[in-house]
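Here is a short briefing to read alongside the sequence and the 3D view. Please keep both open as you go.

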Amino acid sequence: MLKKIVRRFAVFLLIVAIGIGLWIYFIPPNLLRVGSGYTAKIVCSNVFIAGRDPDEVLEQDVQAPGHPLLRLMRVAVDRESKRVNAALLGSIAPSEAVYRDGTGCTVGQIGSVQSATNATKPGLVNDPEVLWPEGGKTDSDESLASMLSDVALSGPGMRAVVIVRHGNIVAETYGEGFSKDTPLLGWSMTKTVNAAIIGRLMIEGRMSFDEKNLFPEWRDDRRALIRISDLLGMESGLAFNENYGTVADVTRMLFLEPDMARFVESLPLEDEIGSRFTYSSGTSVLLSRIWMDRIGNRDEALAYPSRAIFEPLGMTSAIMEADATDTFVGSSYMYATARDWARFGLFLARDGVWEGSRLLPEGFVTQMHEANRRSGGRYSKIQTWLPKPEAGLPSDAFVISGHDGQNVFVIPSLDLVIVRLGLTPRSLGYDASVLASEVVKRVNAD
């Protein structure tokens, strides 16, 4: 009798296990789809933009620092069609990312992403005999360069550090397998570039801080009162969950939604406009959709970052990536070499002026080191972070910051820019402001 019960229970457990397996295979939970979408996207961009080995990217960038489920992801790379397929154990919850010239890699369910004709990168060449930023020659400061061998300062997982002083690269170092020619993902540093694009449209008279009625769907409710300035300062009141550890708004937006801006646009107000600071990648994607709509013509809009920012600054490696509707993911997806991130930092350190031409409105950069109303001094009015007081940085310092240890410290009063990029999860406890503080001390001591 007991053996019969045990046998029936074992059969029951087997049926349940098979049922769960079939459910996961044919109707995968969103968590698995997020994981495969993330895997496909990271591998695709690093292979086709950064030129890295896919197995290395899977191991180092996806599996090593990520969720345990990511260690079970497998990828297949089709170099001819420039597609990457990723799935749990090679077949469960599959996702695909497709590379398209001008807009990088786009995530979508298999077969849903179409090719597009988009903007191209500028074709400028850096002359090794001409000083950076016009060329590729550096002017090393041994005092600052010697600091970069200190692992405690550069941090675990460092991939690049570049220090710019008085417009020249005075120190730089790179992690194993990376160089001055390797494009690196800025993650949320993209938000600040996206904001600068809006600044370019403002100086052209095509946008303003006080614009309201930003989307037709908002015109019949209180969202109609949200201004561009509210979005730039992350004080719009819109609901958005930025928790990367779950299937939250941010992960759904980045890895499950083909039209990211429309998804965020549909979210309700959860607070009064201007009453609370809520960090939101969705906000930055909305800003992308807004400025692209202001331009109107989609081909012109896709070319605009290159024409307005990258070409003037000589950022030949820079590429912003778009979603399946060809809207730039202005929250998260821009690749550029460390030197080109430094060019952007120098551009802001010099108040949006490049080679004598003002590209951003007067006072625009100033708002990047002025605190917004509700963040308690942590966040600025325009898509940048403010350093902690204990870092001891000058009062005009601000930080362009991104996930897993991406940072550009901009200090206009010292004509100083510090770029530190890497793969450094927050759990490791590294704070790049320690590096910035030591550089400032060394500069002030000179």
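Predicted model: local features only at pLDDT ≥ 70, side-chain atom pairs only at ≥ 80, totals over all residues.

Residues are numbered from 1 along each chain as its sequence is written, and side-chain values use heavy atoms, with hydrogens and water left out. Helices (H or I, at least four residues) and strands (E, at least two) are DSSP runs, numbered from the N terminus.

**The open sheet**

- Four strands make up an open antiparallel sheet, in the order β1-β2-β3-β4; two strands count as paired if DSSP finds at least two bridges between them.
- β1 (73-78) and β4 (104-108) each have a single partner strand, so one side of each lacks a neighbour in the sheet.
- From one strand to the next, the twist averages 20°; axes are lines fitted to C-alpha atoms, for helices over the stretch in contact, and angles run from 0 to 180 degrees between N-to-C directions.
- Six bridges join β1 to strand β2 (residues 83-88) in the antiparallel sense, and Val77 stands opposite Val84 in β2.
- Helix α2 (residues 30-48) packs on this sheet and touches β1, β2, β3 (92-100) and β4, its direction making about 30° with that of β3; contact means heavy atoms within 4.5 Å.

**Nonpolar cores**

- A nonpolar core is a set of buried Ala, Val, Leu, Ile, Met, Phe, Trp, Tyr and Cys residues joined through side-chain atoms within 4.5 Å; buried means under 20% relative accessible area, exposed over 50%, and partly exposed in between (1.4 Å probe, protein chains only).
- The largest core has 109 residues, and Trp291, Ile309, Phe344 and Leu348 have the most contacts inside it.
- Helix α2 supplies the largest share of this core, with nine residues.
- Beyond its neighbours within four places in sequence, Leu348 is in contact with residues including Thr192, Leu360, Phe398 and Val410.
- Another core, of 25 residues, lies apart from the largest one and has Val161, Ala391, Leu414 and Ala436 among them.

- Helix α13 (residues 433-445) has 13 residues and reaches 18 Å from its first C-alpha to its last, close to the 18 Å expected at 1.5 Å a residue; the expected span is 1.5 Å times one less than the number of residues.
- Among the buried residues of α13 are Leu435, Ala436, Val439 and Val443, and the buried residues pack against α4 (142-145), α5 (151-154), β5 (158-165), β13 (406-411) and β14 (416-422).
- Thr251 sits in helix α8 (residues 249-255) and counts as buried at 3% relative accessibility.

**Salt bridges**

- The structure holds 31 salt bridges, each being a side-chain nitrogen of Lys or Arg within 4 Å of a carboxyl oxygen of Asp or Glu.
- Asp210 and Arg227 meet in one of them (3.8 Å, N to O); both lie in the loop between α6 (189-203) and α7 (228-232), so the pair ties together parts 17 residues apart in sequence.
- Asp210 is exposed at 54%, whereas Arg227 is partly exposed at 25%.
- Asp210, Arg227, Asp230, Glu235 and Arg373 are linked in a network of salt bridges.
- Arg222 bridges to Glu272, with the closest N and O atoms 2.6 Å apart; Arg222 lies in the loop between α6 and α7 and Glu272 in the loop between α9 and α10 (281-295), so parts 50 residues apart in sequence are tied together.
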